[in-house]
Amino acid sequence: MVRECWFCGEETPPSWHDHVLGLHKDTDTTMTPFVIVLRSTWRMETVSVPRCARCHTGHQLERTAAVLSVAALIAYAASGQLDRLLGILSPSTGERVVAATWAAVACLPGLVWIAIRLGRLPWQRLAPRRMGYARHHPEYLELRADGWKPRAGPLHYWRSPPDPHHPPPANRPRRPIWGSFELLGAASAASRPW
């Protein structure tokens, strides 16, 4: 069965690339007898929004750019360069120029994320529509009109249920990627003036 990707309109078969949204309804909270414990029950429904591999990759790139933009700003502030730029630490003119340069570098991931989010980058791997567009899928809107609430459960930490189609085994090494993040964190800590 081939369907149309909700984000770009290309034909795609059902796969683990689909975006799964969870909804809940009829939440009931009761107390258990003898031991005072609150027990919540609810009904859950899932909507599998068709998504092709390209849009899945594009949404992952957008999410990664968002995480990197926040991490770059935190690393910049933790390095002490922000204190020099704002004049909290009395810097020389050269140190202030270095701090301003690092501020520009720290803002680059944020600018890339904004460009991806607004669709301003002409890169073929990006999705034409953001991941939030899944909430405009007709099946999701029909359930919302029927009284279903977003999220797989009533509590804020409930996320959407996992995709029923299992992803293939990872074909790229994860350890070198995480190792580079650890190295970046160590370099950031080492560059911080004590």
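The side chains of Asp18 and Ser48 make a polar contact at 3.3 Å, the term denoting N or O atoms within 3.5 Å, where within protein one must be able to donate a hydrogen and the other to accept it, and residues adjacent in sequence count only if both atoms are side-chain atoms. This is a predicted model: local features need pLDDT of at least 70, side-chain atom pairs count only at pLDDT 80 or more, and totals for chains, interfaces and linings use all residues. Residues are numbered from 1 along each chain as its sequence is written, and side-chain values use heavy atoms, without hydrogens and water.

Asp18 lies in the loop between β2 and β3 (19-31). Asp18 is buried, at 4% relative accessibility; buried means under 20% relative accessible area, exposed over 50%, and partly exposed in between (1.4 Å probe, protein chains only).

I turn to the aromatic rings. There are two aromatic pairs, defined by ring centres of Phe, Tyr and Trp (its six-membered ring) within 6.5 Å; planes under 30 degrees apart count as stacked, over 60 as edge-to-face and the rest as tilted. Trp6 and Tyr133 are stacked, 5.2 Å centre to centre with 15° between the planes. Because Trp6 lies in the loop between β1 (3-4) and β2 (11-12) and Tyr133 in the loop between α3 and α4 (138-145), the pair ties together parts 127 residues apart in sequence. Trp6 is partly exposed at 22%, and Tyr133 is partly exposed at 26%. Ring pairs link Trp6, Phe7 and Tyr133 into a cluster.

Finally, the surface: Leu108 is partly exposed, with a relative accessible area of 48%.

Conventions:
Helix = DSSP H or I, 4+ residues; strand = E, 2+ residues; numbered from the N terminus.
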